Amino acid sequence: MFNRLKNRVLTVVSPDVSMIQAPPHHDHHGKVHQGQRLPDKFTYARPPFLQLATHDELKASADHNVRPIIVPRDISTLPWNTGYAECVNSGKSEWNEDQAAFQRNILTHPSKQYPDLPYTYFGTFDGHAGYGAALAAANQFHHILHEKLVDVLDLLMPRLPSSSDSVLPNTLLFHRSAIRKMFNRLKNRVLTVVSPDVSMIQAPPHHDHHGKVHQGQRLPDKFTYARPPFLQLATHDELKASADHNVRPIIVPRDISTLPWNTGYAECVNSGKSEWNEDQAAFQRNILTHPSKQYPDLPYTYFGTFDGHAGYGAALAAANQFHHILHEKLVDVLDLLMPRLPSSSDSVLPNTLLFHRSVSKDELIIGALESAFAEMDAVLAEDRDKYRNAGGCTALAALFIFGKMFVANAGDSRAVLCQRVSTDLLKAQIVPHELKGPAMTMGEENKTYRIFPIPFSHDHTPDTEKARLMSTAKLNPAFMGSEYIAMEYAKKPMTKDLGTRILYRQGTMKGWTYKTLTREDLKMPIVTGEGKRSRLLGTIGVTRGFGDHDLRAIGSNQPIKPFLSPHPEVTYRDLTKVISIPGDDNEDGDYGILVMATDGLWDVADSEAVARTVFQTLEKYPTEKHRYTMVAQELVAKSRGRVNESGHWRLADSKAAATVDDISVLVIPVYQYYVEFLEWEKECFERERAQEAKVNLTDSDTEESSNKISSTSDDVDINGIFENGDAPDKLDTFVEEAIEANST
């Protein structure tokens with residue numbers, strides 16, 4: 001209450017008085033003006049189109065008691081009868097600190113080849129601590145905008161047959177050309193051919209590959225190199241055979257029961273980029289046990305893929321440690337995740353009503369994933385002086401818990417949910433019509449389905465995160481040293497162009513504008529290239545993930561880690577909200593098949609092709625126990641391709657270049673985790689009913705309770721457990737009906 005009163009008093013300020021009373025001879029921002037009050041640049045007024053001509057009208061519009069609604073006297077002053085109305089505050093400030101403006105103008109090309117181009121601008125400006133800034137913007141912004149539009153007028157106009165390059169700049173001169181792309185591809189191909197123990201940059205003697213001195217002593221590995229344990233490659237010979245760059249064998253689990261619900265997995269080594277397969281994969285089936293024992297153990301399943309670069313150390317460490325960190329984070333919030341039983345007290349479960357913000361269970365799980373990603377990166381930072389955790393890695397994790405699927409991604413690996421929807425659902429408008437895909441006729445009844453992929457992650461590359469990277473550089477110039485600049489140019493700046501105008505953008509700008517080229521612009525942009533070929537500081541092609549703490553830029557030796565982030569983007573899906581037709585035998589289609597894979601797959605396969613392959617393979621093997629493994633194997637085989645007589649790997653269907661990178665693919669049937677959640681929910685319901693029965697017995701009169709227990713001992717014992725079998729049957733029937741209704 002006191003704070004609200006204090007803030008209300010402080011905000012009742014006039015346009016010429018600060019929120020905080022400044023010392024004498026200073027303005028309200030603390031600047032000294034030698035006792036002289038600065039003049040207003042613009043006299044206070046309401047928007048001109050309101051036509052408030054006199055001071056009395058101005059004062060009347062600012063009456064805090066009446067608060068009149070002011071509209072234009074003549075609506076023709078605004079274009080196309082545009083509407084406008086305003087009202088002053090109730091006493092927060094002396095005058096209305098809002099401002100509005102509009103401008104109808106034309107752009108005239110100097111060549112006179114084009115008719116004048118009309119444009120209209122509208123603006124609103126909400127002032128605070130005075131009307132000065134809003135009034136200045138209302139009077140000046142449209143002039144600045146007009147100048148910027150005039151700057152790019154040449155590029156805005158269509159090219160007429162008679163126009164020459166001297167009048168309209170040729171956009172082919174911009175540096176986004178095919179020749180430059182070809183050069184970048186060649187350069188990047190050479191730079192990325194590194195072994196796990198050799199740096200991208202050749203380090204001086206007695207330094208490790210990130211430039212740290214260890215007095216000639218080689219650090220030990222924290223984890224011995226191995227493939228995922230569920231592959232059961234037991235001997236060194238098997239490990240060497242899996243890394244044969246000439247054969248590139250596709251490795252699948254020997255025993256599919258090592259993965260939950262027959263989840264499919266397949267992998268393939270690169271064609272020579274590094275000595276070992278730098279991808280790693282992991283999974284963990286675990287339970288969360290509440291200390292009060294009031295709840296049944298909550299099962300959850302985690303899957304992770306980690307794509308290493310410049311060494312396998314970071315990916316191997318993440319595969320061995322991340323699930324432990326995630327488990328700790330989930331245990332931390334277990335009290336808030338569990339449902340509140342009638343007998344639970346606030347001492348056992350915190351009362352969320354005491355929080356000043358609403359916190360959902362989904363936000364708690366997302367927070368657990370986000371904090372686990374940050375801690376994993378911190379662990380690698382701590383270990384870098386103790387162990388040889390070479391390079392860095394991307395991270396993609398899926399978590400199935402509480403009947404929901406959470407996917408967290410940092411890097412350029414991808415997760416895609418492949419779905420198959422019956423055309424009957426589409427016709428009945430039960431699912432959105434925008435979910436389009438190729439039609440497939442399947443099953444004995446020749447039913448028609450639509451197949452479509454849903455992306456559950458987005459790539460984090462220098463190209464996709466250009467705005468974040470340039471904003472980081474602009475706010476922290478020291479990160480760039482003296483070699484880089486936080487700008488992007490439509491045409492490569494050249495020394496001969498100094499003093500001329502060039503199109504550029506910086507920070508969070510999405511559009512382009514002109515500036516005069518200076519020597520500062522000749523520095524290397526922090527982001528070069530496009531798409532998958534983009535590079536940060538000319539060195540690395542991913543901007544989120546784990547590790548890379550000592551990575552330095554090629555040529556400049558500038559640290560890169562300040563630009564990188566372990567923070568994941570998390571998306572989720574509530575499996576209890578999925579629409580499925582009972583008896584349609586389309587659970588894999590309705591709930592989807594989650595494909596998690598490193599970029600070795602996605603470099604040569606799009607999401608639609610992957611979804612098509614998934615359901616074509618499942619349809620081919622409808623009852624095969626290994627069907628999900630066969631899907632994973634098929635996806636790896638297609639992206640790996642075949643080696644030709646020249647020793648180059650080519651895609652079988654198009655003869656285009658196949659991927660030369662490591663490939664790891666997980667194929668996860670989602671429906672089983674929904675069933676698992678229903679079973680846990682049923683167990684919770686049974687325990688809740690038992691708790692209620694126990695509470696009712698405890699609250700009864702002692703004598704009546706004892707009589708009742710003795711007379712009805714066939715039905716329930718003192719602990720509230722049913723004995724004669726009738727009540728459990730009724731309970732099971734009730735729960736099964738609820739589950740069936742929920743599923744329907």
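Predicted model: local features only at pLDDT ≥ 70, side-chain atom pairs only at ≥ 80, totals over all residues.

Trainee: Where does alanine 637 lie?

Mentor: Alanine 637 belongs to helix α15, which covers residues 627–640.

Trainee: What separates the C-alpha atoms of alanine 637 and arginine 248?

Mentor: A distance of 10.0 Å separates those two C-alpha atoms, although alanine 637 and arginine 248 are 389 residues apart along the chain.

Trainee: Is arginine 248 buried or exposed?

Mentor: Arginine 248 has a relative accessible area of 0%, and buried means under 20%, so this residue is buried.

Trainee: And what about the backbone there; what is phi of arginine 248?

Mentor: Phi is near 50 degrees, which is a positive value in a residue other than glycine. Arginine 248 sits in the loop that runs between α6 (236–242) and β5 (264–268).

Trainee: Let us turn to lysine 293. What is its phi?

Mentor: Lysine 293 is not a glycine, yet its phi is positive, at about 60 degrees. The residue is found in the loop between β6 (279–288) and β7 (298–309).

Trainee: Is lysine 293 buried or exposed?

Mentor: Lysine 293 counts as exposed because its relative accessibility is 58%, and the cut-off for exposed is over 50%.

Trainee: Changing topic to helix packing: how do the axes of α7 and α9 cross?

Mentor: The axes of α7 (residues 313–332) and α9 (residues 361–383) come within 9 Å and cross at roughly 135 degrees. That angle lies between 115 and 145 degrees, so the two helices are oblique to each other. The crossing of α7 past α9 is right-handed.

Trainee: Which residues make the contact?

Mentor: On the α7 side they include Ala314, Gln321, Phe322, Ile325 and Lys329. On the α9 side, Leu369, Phe373, Glu375, Met376 and Asp383 are among them.

Trainee: How many residues of each class does that contact have?

Mentor: The contact of α7 with α9 has 14 nonpolar, two polar and four charged residues.

How values were computed: Residues numbered from 1 in each chain as written. Heavy atoms only, no water. Helix = DSSP H or I, 4+ residues; strand = E, 2+ residues; numbered from the N terminus. Buried < 20%, exposed > 50% of the residue type's maximum accessible area, 1.4 Å probe, protein only. Axes fitted to C-alpha atoms, helices over the stretch in contact; angles between N-to-C directions. Parallel < 35°, antiparallel > 145°, perpendicular 65-115°, else oblique. Left-handed = near helix turned anticlockwise from the far one by under 90°. Contact = heavy atoms within 4.5 Å. Nonpolar A, V, L, I, M, F, W, Y, C, P; charged D, E, K, R; others polar.
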